Amino acid sequence: MALTVKQRFFLAILVLAFPLSAISGDPDIISDFVVPIGVNATVLDGNFFTYTGMRPLINSDPPTNFTVTKATMAEFPALNGQSVSYAVLEYPAGSVNPPHTHPRAAELLFLTYGILEVGFVDTTNKLFTQRLQAGDIFVFPKGLVHYQFNCAENDFAVAVSAFGSAAAGTVSVPSTVFATSIDDEILAKSFKTDVQTIQKLKAGFAPKA
């Protein structure tokens, strides 16, 4: 019997839970877990180790925009010191997760529904690409620029990513380059173009009024 999208989602959580110790990058801790500053450890119970922020995804409609729902140390303090975090990625038809990096962890992506074209570039500028279908797992090595593209014309895609860090970090290449204050002339020289082109690109990343 074919699995539903919900069943695939939960299967993804189970599959990705086991290999994380092999790709973890956070410092080891010398206690069972890290108690937040100002919190009395004796009052902690199972609620502290439970994150409910993914519940709305279970009965949600297909995405209309590319959406990332995270469970990192910022959202789920119990992850501090545990070298693990998750993200659920939802891709409408034709959407892209632009080139970006995670400086503190590798990413293990499990496609639970739909199809995705994925790729990363190594330090020799070699591009590795693959077209994934539901049930496939792809690893993006730590710190390398990578992307995902939903190449389906009429269907969405859903993936669950696991990271070997409680705070893997995300550096978006387009936003880092064109939505910060790097001088236009420096960018023009770097991209071998003119300042006017750089300004047009920056305008696309300007905050909407």
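Gly 143 is found in the loop that connects β7 and β8; strands (E, at least two residues) and helices (H or I, at least four) are DSSP runs numbered from the N terminus. With a relative accessibility of 36%, Gly 143 counts as partly exposed, a class between buried (under 20% relative accessible area) and exposed (over 50%), taken with a 1.4 Å probe and protein chains only. Leaving out residues up to four places away in sequence, Gly 143 touches Thr 101, His 102, Pro 103 and Ala 105, where contact means heavy atoms within 4.5 Å. Arg 104 is 39 residues from Gly 143 in sequence, and their C-alpha atoms are 6.8 Å apart.

The model is a predicted one, in which local features need pLDDT of at least 70 and side-chain atom pairs count only at pLDDT 80 or more, while totals for chains, interfaces and linings use all residues. Residues are numbered from 1 along each chain as its sequence is written, and side-chain values use heavy atoms, without hydrogens and water.

**Overall composition**

The protein contains 6 helices and 10 strands. Of its 209 residues, 35% count as buried. Among contacts between residues at least 6 apart in sequence, 71% join residues at least 24 apart.

**The two sheets**

Two strands are taken as paired if DSSP finds at least two bridges between them.

Within it, β2 and β9 run antiparallel and are joined by 7 bridges. Ser 85 stands opposite Phe 163 in β9.

Antiparallel pairing over 5 bridges links β5 to β8 (residues 145-149). Val 121 has Val 145 in β8 as its bridge partner.

**Nonpolar cores**

In soluble globular proteins, nonpolar side chains tend to be buried together. A nonpolar core is a set of buried Ala, Val, Leu, Ile, Met, Phe, Trp, Tyr and Cys residues joined through side-chain atoms within 4.5 Å. The largest core has 13 residues, of which Tyr 91, Leu 109, Leu 111 and Leu 116 touch the most other members. Two or more residues come from each of β2 (85-91), β4 (107-113), β5 (115-121), β7 (137-140) and β9 (157-163), and β5 gives the most, with 3 residues. Beyond its neighbours within four places in sequence, Tyr 91 is in contact with residues including Pro 63, Phe 66, Leu 109, Leu 116 and Phe 156. A separate core of 10 residues has Met 54, Tyr 86, Val 88 and Val 158 among its members.
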